[in-house]
Amino acid sequence: MFGKKPDSSLEQSLPNINVQTIPADFYGGVNPVVKFKKVEKEVLLDSKPKLTPAEKKILDKITSAGNDQPLHAVNILANKKYAIILGFVLFIVISAVVGGYYYLQMRNSNTGTTPTAPEITIPVTVPETTETPPVTTEVPTTTDSAPKFLADAPIEFPSNLLGDSVDLDKDDISDMAEELFGSDPSKPDTDEDGYEDGHEVFYLYNPAGKEPMRIIESGYVKEYQNPTFGYKLFYPTDWAVGAVDDTARDVLFSTITGENIEVRTFDLPANQTFADWFREWAPNQNFQNNINVQTKFFEAGKSRADSLVYYFADSAHVYAIIYHTTDSNTVNFRSIIVMMARSFRTAGFVPPETAPDTSAFPTEMPESINQ
Ligand SMILES: [Ca+2]
Ligand SMILES: [Ca+2]
């Protein structure tokens, strides 16, 4: 519209507008863009453009950069062949990036699926868990039946051919057992009171010192009382005590080495004697080989000749004290089971009024400990 010739009629109808105020050269040579376009046009059309020294310098720099460098960006962009190669390379790179991106996405989604997998596994586990309750349900049943099974389980008797471990000072207490009493394994009469250590333990005296006199006060021995059946006995402080069943019908006094002494309680029917009981529960043991024994508290019992099995009884129960060795087939603590049996008291047992004089020791070692 600006190129149009001014309408004379319009000029006449608008006399107050001074169009002459617009500079004649407003869209002319003073516009640097137009001037620049003119220069570009001259560069493209004229092989020998007329440039200012500064422009020529810039142009020379741009063009000369690629003269001897075919892979220069300028030449690559200008050359179709290189442009195609570059485009192809870009396509590969972009494809790799996009592919990598989707691969990671899929991988993440798979990883996200992994938690789902356990969810699938969980239902699989759930049935197992579902199966477990019945098993757990059976366990109490087994536990309930365990004492019954335990009560019916045969007694495991120790071999009759077991030897003792080293007893250096020959005082009837092995070197290992001497540690439990605090006595000297190289000194038969540790406290030098005229009575050998084994002798003192048999009578429940303290072998390691004249004071305290009683072994229960020495700190090396504790008293156990059965929570269900009420019997009591002494055992080494260093040993562990554990009931096998809930009713403490079967209790183990254990060493660190695995040897243990079991105290097991059996029901004794009213119409049954101990001999009847023995024939039922110890069919492989010779009843005649049992010797009559008496505890420190004058309660009567029976013992196998090697002092590895003891029996006591009251009106309703039989109590068996049984030594269990490890695979070594060596007895390390025979003096301990002797002490335990010698200290045994059934719940209802009342010691006779003629209590033993604790200051007097017998002159002869009992046969059972001389085995
Ligand atoms: Ca000894
Ligand atoms: Ca002594």
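Helices (H or I, at least four residues) and strands (E, at least two) are DSSP runs, numbered from the N terminus. This is a predicted model, in which local features need pLDDT of at least 70 and side-chain atom pairs count only at pLDDT 80 or more, while totals for chains, interfaces and linings use all residues. Residues are numbered from 1 along each chain as its sequence is written, and chains are lettered from A and ligands numbered from 1 in the order in which they are written.

The protein chain holds nine helices and 11 strands. Of its 371 residues, 20% are buried, where a residue is buried if 20 or more other C-beta atoms lie within 10 Å of its own, exposed if 12 or fewer, and partly exposed in between, with C-beta atoms placed from the backbone.

A nonpolar core is a set of buried Ala, Val, Leu, Ile, Met, Phe, Trp, Tyr and Cys residues joined through C-beta atoms within 7 Å. The largest such core has 39 residues, and those with the most contacts inside it are Ile321, Ile336, Ile337 and Met340; two residues are in contact if their C-beta atoms, placed from the backbone, lie within 7 Å. Several elements each supply at least two residues of this core, among them α6, α7, β3 (232–236) and β10 (317–324), but α9 gives the most, with six residues. Leaving aside residues up to four places away in sequence, isoleucine 337 touches Ile261, Ser307, Leu308, Ile321 and Tyr323.

Because four of its five residues are buried, β3 is largely enclosed by the rest of the structure. Strands β2 and β3 run antiparallel and are joined by five bridges, two strands being paired if DSSP finds at least two bridges between them. Lysine 222 stands opposite tyrosine 235 in β3. The hairpin of β2 and β3 has six residues between the strands, and there glycine 230 takes a positive phi near 80°.

Most residues other than glycine have a negative phi, and most peptide bonds are trans.

| Residue | Phi | C-beta neighbours inside 10 Å |
|---|---|---|
| Lysine 170 | about 55° | 9, exposed |
| Leucine 204 | near 60° | 19, partly exposed |

Lysine 170 lies in the loop between β1 (163–164) and α6 (175–181), whereas leucine 204 is found in the loop between α7 and β2.
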